[in-house]
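This note sets out, in numbered points, what may be read from the structure shown below. Please keep the structure in view while reading each point.

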Amino acid sequence: MLKILVCLAALLLGGCASITGSQTQPISIQATQGNQIISGASCTLSNDAGKWYVKTPGSVSIKKSTADLLVECAKDEAAGQQSVASKANTNVWGNILVGGLIGYAIDRNSGAGFDYPEAVTIRLDSTLGALTRPAAGTAAAKVADGRWRAVMSCDANLLRTDTTPYQANFIADVNGDRVTLHRTNKLAEEVLSGTIHDEALTLDGMGYRFERPNAPWTFKIDGNFTGNAKIYTGKGAMLTTRGKTARLCTVVMIHTDVPPPPPKEAAGEDVAAK
């Protein structure tokens, strides 16, 4: 019983420590028509976490989410709308490094690791009632090309007793449905490549120590995205040259302009079991 209580306490403390950001955010809304600022426009803000109302110019506190925020405003016979993207903030990386993947999952689900712009201006240039909404069953949001950031977390080596879990930062490049992850340090190099298609992420890769190029290890990762094609998570294994599972690993890819902190390389993290 004591062991169970200790484990539960550790889990709860780890989860609490991982939440480093607020789950809510104030947003200022302004409406314009032509060159004039419009007062008294009625606005609705909505995402998958709820719906909020404000009149312009005004501010309202909304619950954050990984999903885009739809802002719709109208006055008299004029209306306008804008979809505002959420972006990962520094709390995402802090929670991955401090709270691990549990901390990341909490911030992802609560929205604490993401922000919307502080102010949004809506142009009232459409006829009221002409606003269009995405049709049900439309295709998933397109994955953004360019530079992403990724973190891989791996358990201790299953085939050895002298290793510990570790995390490592990767640079990720997305081009269409193709994705490549790579990292190089003074000891080793690791490269993974694969595809992101609709909701599926698939990665295969290899790593090797520079001093032992003939003893590589391989990766096989797959999983789904969570949150409007901005976050992908995949789970899989690091395999030895003989095909045995050395470590169980999870990869988190985030589309963000905020770079992660410099990686703290753990001793022996590049070594797969023989």
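1. At 56% relative accessibility, Asp-162 counts as exposed, where exposed means over 50% relative accessible area, buried means under 20%, and partly exposed lies in between (1.4 Å probe, protein chains only). The side chain of Asp-162 meets that of Arg-160 in a salt bridge, 3.1 Å from N to O; a salt bridge is a side-chain nitrogen of Lys or Arg within 4 Å of a carboxyl oxygen of Asp or Glu. Arg-160 is partly exposed, at 32% relative accessibility.

2. A word on the basis of these values is needed. This is a predicted model, in which local features need pLDDT of at least 70 and side-chain atom pairs count only at pLDDT 80 or more, whereas totals for chains, interfaces and linings use all residues. Residues are numbered from 1 along each chain as its sequence is written, and side-chain values use heavy atoms, with hydrogens and water left out.

3. How many salt bridges does a search of the whole structure find? The search finds 7. Side chains of opposite charge can pair when their charged atoms come close. One of the salt bridges joins Arg-147 to Asp-173, at 2.8 Å from N to O. This pair links distant parts of the chain, with Arg-147 in strand E12 and Asp-173 in strand E13, 26 residues apart. Strands (E, at least two residues) and helices (H or I, at least four) are DSSP runs, numbered from the N terminus. Arg-147 is partly exposed at 45%, and Asp-173 is partly exposed at 28%.

4. Another salt bridge is formed by Arg-123 and Asp-125, whose closest N and O atoms are 3.6 Å apart. Arg-123 counts as exposed, at 59% relative accessibility. Asp-125 likewise counts as exposed, at 54%.

5. The structure holds 2 disulfides, a disulfide being a pair of cysteine sulfur atoms within 2.5 Å. Cys-43 and Cys-73 form one of them, with their sulfur atoms 2.0 Å apart. The link is right-handed, with 110° about the S-S bond.

6. Because Cys-154 lies in strand E12 (residues 146-154) and Cys-249 in strand E19 (residues 245-254), the pair ties together parts that are 95 residues apart in sequence. Cys-154 is buried at 2% relative accessibility, and Cys-249 is buried at 2%. With the bonded cysteines of the protein chain numbered in sequence order, the pairing is 1-2, 3-4.

7. Which residues touch the most other members of the largest nonpolar core? Of its 27 residues, they are Met-152, Leu-181, Tyr-232 and Met-253. A nonpolar core is a set of buried Ala, Val, Leu, Ile, Met, Phe, Trp, Tyr and Cys residues joined through side-chain atoms within 4.5 Å. The elements that give two or more residues to this core include E12, strand E13 (166-175), strand E14 (178-184) and E19. E13 gives the most, with 5 residues. A second, separate core of 20 residues includes Val-71, Cys-73, Ile-122 and Leu-124.

8. Leaving aside neighbours within four places in sequence, Leu-181 is in contact (heavy atoms within 4.5 Å) with residues including Ala-150, Phe-170, Leu-192, Leu-203 and Met-253.

9. Asn-47 is in strand E3 and counts as buried, at 13% relative accessibility. A polar atom of its side chain lies 2.7 Å from the backbone nitrogen of Ala-49, and one lies 3.0 Å from the backbone oxygen of Lys-63. Beyond the neighbours within four places in sequence, Asn-47 is in contact with several residues, among them Trp-52, Asp-68 and Tyr-116.

Terms used: Polar contact = N/O pair within 3.5 Å; in protein donor to acceptor, adjacent residues only side chain to side chain.
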